[in-house]
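Hi everyone, and thanks for making time for this. Let me put the model on the screen, and then we can walk through it together.

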Amino acid sequence: KCAKAGFFHHGGIDWLASLASAKPVMRGYKIRRLIFKPYKKSAHSLHVLLIDLSASTLSNRALSQAKGLLAGSWKKAYKKRQAWVVFAFQGNTVKRLFGPARPAPSANTFLDQLQGGGNTPLRLGLLTACKFISLQQARWLAVKLFIISDGRSQDNIQDVRLPCACVVIDTENAAIRLGRCRQIARQLDADYMHINHMSPLN
């Protein structure tokens, strides 16, 4: 998928260097190993999405509203040739659901994976995303993290330091709001937006 979307970052095989390292044999030379050209920084930006799929997002249409935002953003990312990687956290696990790759024209298959339930392992989700970004950041023109959550987690994240710009998108729509996403944004030194006031991700 990555190759088809144009997101392979090495410059292909360096045939001169590969042949120079060849070993003489009876009928010519045998290439011992292929040498690739150095990695090149992609001309594309990478959006890293960290989505809360815990049970609390099933109430007050939080997950449904998040899916609506993602559907519009998916189409925009496809047209702008952005790359996405999507992590979801719920229960006691974090799973990579997509990417890094350019989204397909339709988001339906991706959205069908988003099923809520379980606890809210926010800290694990953040650490997983941070590790991925730290390993990938040098390969992209720009990297931005989007955290989509209702903030209903008891995890201590005060020591988490993000390696890139971040926006915390608050999906909490209960009659009485706890407002934890604002606190999460402050702790992470991130921007804060409520999903009710969001346009497709940019």
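**A walk through the sheet and its cores**

Let's begin at a turn: β4 and β5 form a hairpin with two residues between the strands, and there G91 takes a positive phi near 65 degrees. Please keep in mind that this is a predicted model.

Strand β3, residues 45-52, is parallel to β4, and seven bridges join the two. Here D52 has F89 in β4 as its bridge partner.

Is strand β4 buried or exposed? Seven of its eight residues, within 83-90, are buried, so the strand is largely enclosed by the rest of the structure.

Let's zoom out. The whole sheet is open and has six strands, in the order β5-β4-β3-β6-β7-β8, with mixed pairing. At the edges we find β5 and β8, the latter being residues 191-194; each has a single partner strand, so one side of each is left without a neighbour in the sheet. On average, and ignoring direction, neighbouring strands here are turned by 20 degrees against each other. At the β8 end, β7 and β8 run parallel and are joined by four bridges, and D170 stands opposite H194 in β8.

Next, the helix that goes with β3 and β4. Together with helix α3, residues 62-80, these strands make a right-handed β-α-β unit. How far does α3 reach? Its 19 residues span 27 Å from the first C-alpha to the last, close to the 27 Å expected at 1.5 Å a residue. Several of its residues are buried, including A62, L63, A66, L70 and W74. The buried residues of α3 pack against β3, β4, β5, α4, β6 and β7.

Why do I call L111 buried? Because its relative accessible area is 13%, and the cut-off for buried is under 20%. Leaving out residues up to four places away in sequence, L111 touches K67, L70 and A71. L111 and A66 are 45 residues apart in sequence, yet their C-alphas are 10.0 Å apart in space.

Finally, the cores. The largest nonpolar core has 28 residues, and V48, L126, L145 and L188 touch the most other members. β3, β4, α5, β6, β7 and α6 each supply at least two residues of this core, and α5 gives the largest share, six residues. Which residues does L126 contact, beyond its neighbours within four places in sequence? They are L50, I147, I157, V160, L162 and L188. Apart from this core lies another, of 25 residues, with W74, W84, A107 and I169 among them. As general background, nonpolar side chains tend to be buried together in soluble globular proteins.

Technical notes. Residues numbered from 1 in each chain as written. Predicted model: local features only at pLDDT ≥ 70, side-chain atom pairs only at ≥ 80, totals over all residues. Heavy atoms only, no water. Buried < 20%, exposed > 50% of the residue type's maximum accessible area, 1.4 Å probe, protein only. Contact = heavy atoms within 4.5 Å. Pairing = 2+ DSSP bridges. Right-handed = clockwise from strand over helix to strand, strands pointing away. Core = buried A, V, L, I, M, F, W, Y, C linked by side-chain atoms within 4.5 Å. Axes fitted to C-alpha atoms, helices over the stretch in contact; angles between N-to-C directions. Expected span 1.5 Å × (residues − 1).
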